[in-house]
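Colleague: Could you walk me through this one? I'd like to go through it piece by piece.

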2 protein chains.
Amino acid sequence: MTGEFHPPARILMGPGPSNADPRVLLAMAKPLVGHLDPEFIKIMDNIKGLLEYVFATQNVQTLPISGTGSAGMEAAFVNVVEPGDRVLVCANGVFGERMVDVAERCGANLRTLSGAWGQPFDPAVIEEELRTFQPKVLAIVHAETSTGVLQPLEEFPKILKKHPDTLLLVDAVTSLGGHPVKVDEWGIDICYSGTQKCLSCPPGLAPITFSPRAMAKIEGRAKKVQSLYLDMNMLGKYWASERKYHHTAPVSMNYALLEALRIVREEGLESRYERHRRNHLALVAGIEAMRLSMFVEKPYRLWSLNAVRIPEGIDDAKVRRRLLEEYNLEIGGGLGLLTGKIWRVGLMGYSSSETNVLYFLTALEQALREQGFEVARGAGITAAKEVYSRAQ
Amino acid sequence: MTGEFHPPARILMGPGPSNADPRVLLAMAKPLVGHLDPEFIKIMDNIKGLLEYVFATQNVQTLPISGTGSAGMEAAFVNVVEPGDRVLVCANGVFGERMVDVAERCGANLRTLSGAWGQPFDPAVIEEELRTFQPKVLAIVHAETSTGVLQPLEEFPKILKKHPDTLLLVDAVTSLGGHPVKVDEWGIDICYSGTQKCLSCPPGLAPITFSPRAMAKIEGRAKKVQSLYLDMNMLGKYWASERKYHHTAPVSMNYALLEALRIVREEGLESRYERHRRNHLALVAGIEAMRLSMFVEKPYRLWSLNAVRIPEGIDDAKVRRRLLEEYNLEIGGGLGLLTGKIWRVGLMGYSSSETNVLYFLTALEQALREQGFEVARGAGITAAKEVYSRAQ
């Protein structure tokens, strides 16, 4: 017989999940109600309202998909892409490449704009592709979890103005709640995220929003959405209007998301962004003081996911195992092309704290010393602390 | 600002979710670990082993899909059905009809065998369809949640012996953990369920199992599975072999499922089935003593979901609202064709208890009296209690 499970108290500073606020964990222990119970309908309405706040949108169709961030990506594509639709995907990391795979499985007429891993796309290059390819959908990752790159989207409304038939589809899995994501202002038509990153809720739901333009395309489809589970024509009716049964919503996960969003609202988005930015800057200062370097150029670094180059001669797996086993500290390794080349250090939501930054720098210093890497004692935390004292 | 949510303490006797054991709710409040943490890998292995026990299978590919029961249905179809494949779906209720919809969205060459709602299929009729249509997949619902019908599957190995190229796909959403589901013995190739019914875990995961024959078809596909999120070629590698990242598993939901399965194992499947059977028999005795009648013929009644005919002149919605508001008791109404015609009374998992049966009969008696329906006082619970005393 399987014994009871007592999880270790990990400090989660990898690419997600981040640590959940204890209030969020306790919310899941509350008694279940039915998914059509009037009390649950109230929760759904509150979640919708708070998601609109976090996405900075007035889109009616704003709700959590009952699956993880990957299900959010799939929901985005299967709904707006019909077989044969021209789709332009910008891929400069694992999640951009995954978009390519998902779009192919929808039967898209696909063009992939490949970008260097670790760099954002130049809007002028995208503009040129839009002009020659005239896609129905332009898909891009706002926060590439595999590389730590932030793709600025402020200029996109100007670019897309000349292409009124192109829908803008954005992956904000690692930015929502940690970086500004301004759906309406930036003219984003479909935007999805995950609960387990900067929202600091356990993994299991994927917040998503569809603009009226996107919904018009979905409602006008010639062929049904290939996924019934993710069909927005049906999901929208369950979440937004008739309350028609579509599937049994994950009740406890929605309790968790509601509590996580209430915490975001209490902190306020602007303060939350500033906290993420400050902890990122302190981490970078510490990293550089330890003679390590960041993988991404300064203006394009994610605050929520910090890609640190692994120095020559250092054993990646050994460092991460040491941090996990001795310090109960999880950080991420590189994915795909970047395996063995970078560490991915998450500072997301509840995990984005001064304590975690200082603890990580201390633990990393120790792990590097054990492999003969020369670091001046305390150089990392001294530099990080300077950032915090300047911020006060 | 949204206030804190305090759910009412509902007694869940609808079509699911059922009440979760408090142990299961508390398991979700445990601290998060990463989805690739060695400690999480142990949980995954334990869940796999316990799911094999519950499904009575030795299938290596036995795991929880990271979505609800509807995602389980979709995972079953999208993996084994390739566009143009002949698929025979037996539909005698909402979930059979949903299978038709899902199979169509996979591009199946579809034949629907429609059956009367409230009755099981005659294996001889299915045999004839198999002979003339020679499908690649035969899909049938074991426990039709919309009607309360149990489809006996014991004869299927004999029928399918003559059709070695046909895969048997079974929906066991409302039976797994409450009725025997013998995947290997009955020759089932793909079987899926949900966590929120007889397993008494919150909704959010869909246990599924694929036979080696089913996996061979999936591995030999000419075209990729249309859903990346549900692609068993990828999911299998995350759950069963290389631990290759596919998506971020819903960590807390897996804690819940592990605890729910441990409880099933502690009780033992045979005792659990007997408990479900006994409470069902007591409920039926009570219902009939109150001059109400069951919708399904005796041999085909689900123990987990009891369809009760709504008497003439009784206001369906009013009774259910009364039970919910005055008694904190949720039961289900009819779906589709059966709207307004039946009540669906769940006795699943933790909710399948003598206390609940007696409480429901008492509350129903009261609600019926209020609408002028004549019931001898206490007739229902007296009859139910007799069943319990005989069982001792």
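Colleague: Which strands of chain B does helix α7 lie across?

Modeller: Before anything else, please keep in mind that this is a predicted model. In chain B, helix α7 (residues 212–219) lies across β2, β8 (167–171), β9 and β10, and α7 runs at about 105° to β8(B).

Colleague: In what order do the strands of the seven-stranded sheet in chain B come?

Modeller: The order in this open sheet of chain B is β2-β10-β9-β8-β5-β3-β4, and the pairing is mixed. At the edges are β2 (61–65) and β4 (109–114) of chain B, each of which pairs on one side only. If you ignore direction, neighbouring strands of the sheet are turned by 15° against each other on average.

Colleague: And which strands does helix α2 of chain B touch?

Modeller: Helix α2 (residues 38–55) of chain B packs on that sheet, where it touches β2, β9 (190–192) and β10 (206–210) of chain B, and its direction makes about 105° with that of β2(B).

Colleague: What about the three-stranded sheet in chain B, what is its order?

Modeller: That open sheet has the order β11-β14-β13 in chain B, with antiparallel pairing. Its edge strands are β11 and β13 (332–333) of chain B, each pairing on one side only.

Colleague: How many bridges join β11(B) to β14(B)?

Modeller: Five bridges join β11(B) to strand β14 (residues 342–346) of chain B, and the two strands run antiparallel. Within that pairing, N306(B) has V345(B) in β14(B) as its bridge partner. On the other pairing, β13(B) and β14(B) are joined over two bridges, again in the antiparallel sense, and G332(B) stands opposite R344(B) in β14(B).

Colleague: Why would you call β11(B) largely enclosed?

Modeller: Strand β11 (residues 305–309) of chain B has five residues and four of them are buried, so the strand is largely enclosed by the rest of the structure.

Colleague: Now F360(B): is it buried or exposed?

Modeller: F360(B) is buried, because 26 other C-beta atoms lie within 10 Å, and the cut-off for calling a residue buried is 20 or more. This residue lies in helix α12 (residues 354–370) of chain B.

Colleague: Which residues is F360(B) in contact with, leaving aside its neighbours within four places in sequence?

Modeller: With those neighbours left aside, F360(B) is in contact with M13(B), L329(B) and V345(B).

Colleague: Let's switch to chain A. Which residues of helix α8(A) are buried?

Modeller: In helix α8 (residues 232–239) of chain A, the buried residues are M232(A), L235(A), G236(A) and W239(A). Seen down the axis of α8(A), these buried residues fall within an arc of 100°, so they line one face of the helix. As a general point, an α-helix has 3.6 residues a turn, so residues three or four places apart point the same way.

Colleague: What do those buried residues pack against?

Modeller: The buried residues of α8(A) pack against α2 (38–55), β2 (61–65), α3 (69–80), β10 (206–210) and α7 (212–219) of chain A.

Colleague: How is chain A divided into domains?

Modeller: Chain A has domain 1 (21–266) and domain 2 (269–391), and their centres, taken over C-alpha atoms, are separated by 29 Å. Across the boundary, 23 residues of domain 1 of chain A are in contact with 21 residues of domain 2 of chain A. The domain 1 side of that contact has ten nonpolar, eleven polar and two charged residues.

Colleague: Last topic: how many residues of chain A are in contact with chain B?

Modeller: There are 60 residues of chain A in contact with 60 residues of chain B. On the side of chain A that touches chain B, α9(A) gives the most, with seven residues. By class, that side of chain A divides into 29 nonpolar, 20 polar and eleven charged residues.

Notes: Residues numbered from 1 in each chain as written. Chains lettered and ligands numbered in written order. Predicted model: local features only at pLDDT ≥ 70, side-chain atom pairs only at ≥ 80, totals over all residues. Buried ≥ 20, exposed ≤ 12 C-beta atoms within 10 Å, placed from the backbone. Helix = DSSP H or I, 4+ residues; strand = E, 2+ residues; numbered from the N terminus. Arc of directions from axis to C-beta. Contact = placed C-beta atoms within 7 Å. Nonpolar A, V, L, I, M, F, W, Y, C, P; charged D, E, K, R; others polar. Pairing = 2+ DSSP bridges. Axes fitted to C-alpha atoms, helices over the stretch in contact; angles between N-to-C directions. Domains from an automatic or database assignment.
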